[in-house]
Amino acid sequence: MLWFTVWTLLVLGTLGGAFLLGRRLWRSLVGLGEELARAGEVAERVSQQAAELEARARDAQRETRPTLGADAEVLGARLEELRAVRRRQRAQRRARHRDTVADASRRWFG
């Protein structure tokens, strides 16, 4: 009779543990499914935004063609415009670099 009680308790304990483990696994799978669905939605939004940004960049980009026969003044104006854009970008990069170095110096050296 004693062994019957011991084995009954062991079997019931194993079944209870298996139930708790199964319930936890099920909840984890449901949570994983929800996160995967959310990740899919986020990926879709990101791809839409990337397509929109790509279209904007394509629209903003000027078309370059050979201009050997064009007017020298027009070409000079275009060259100066491109140089001004490059100077402005260089100045912005330099300012961002200085800000980054200053921020890092503040964080590391107080």
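Q: How many positive and negative side chains does the protein chain have?
A: There are 21 positive and 14 negative side chains, and the centres of the two sets lie 8 Å apart. Lys and Arg count as positive, Asp and Glu as negative, with His and the chain ends not counted. Each charge is placed at NZ of Lys, CZ of Arg, CG of Asp or CD of Glu.

Q: Anything to know about the model and its numbering?
A: This is a predicted model, where local features need pLDDT of at least 70 and side-chain atom pairs count only at pLDDT 80 or more, while totals for chains, interfaces and linings use all residues. Residues are numbered from 1 along each chain as its sequence is written, and side-chain values use heavy atoms, leaving out hydrogens and water.

Q: OK, how many helices and strands are there?
A: Two helices and zero strands. Those are DSSP runs numbered from the N terminus (helices: H or I, at least four residues; strands: E, at least two).

Q: And is the chain spread out or compact?
A: More spread out than a compact globule, because its radius of gyration is 33 Å, well over the 13 Å that the globule rule gives for 110 residues. That radius is taken over C-alpha atoms, and the rule is 2.2 Å times the number of residues to the power 0.38. The C-alpha trace spans about 110 × 45 × 15 Å along its principal axes.

Q: What share of the residues counts as buried?
A: 0% of the 110 residues. Buried means under 20% relative accessible area, exposed over 50%, and partly exposed in between (1.4 Å probe, protein chains only).

Q: Switching topic: which residues make the nonpolar surface patch?
A: Leu2, Trp3, Val6, Trp7, Leu10, Val11, Leu12 and Leu15, over about 900 Å². Patch residues have over 30% relative accessible area and no salt bridge; nonpolar side chains (Val, Leu, Ile, Met, Phe, Trp, Tyr) are joined within 5 Å, like charges within 9 Å. Areas come from the Shrake-Rupley method with a 1.4 Å probe, and for residues only the protein chains shown count as cover.

Q: Where does Leu12 lie?
A: In helix α1, residues 2-60. Leu12 is exposed, at 53% relative accessible area.

Q: How many salt bridges does the structure hold?
A: Seven. A salt bridge is a side-chain nitrogen of Lys or Arg within 4 Å of a carboxyl oxygen of Asp or Glu. One of them pairs Arg56 with Glu52, the closest N and O atoms being 2.6 Å apart.

Q: How far apart are Arg56 and Glu52 in the helix?
A: Four residues in helix α1, so about one helical turn separates them.
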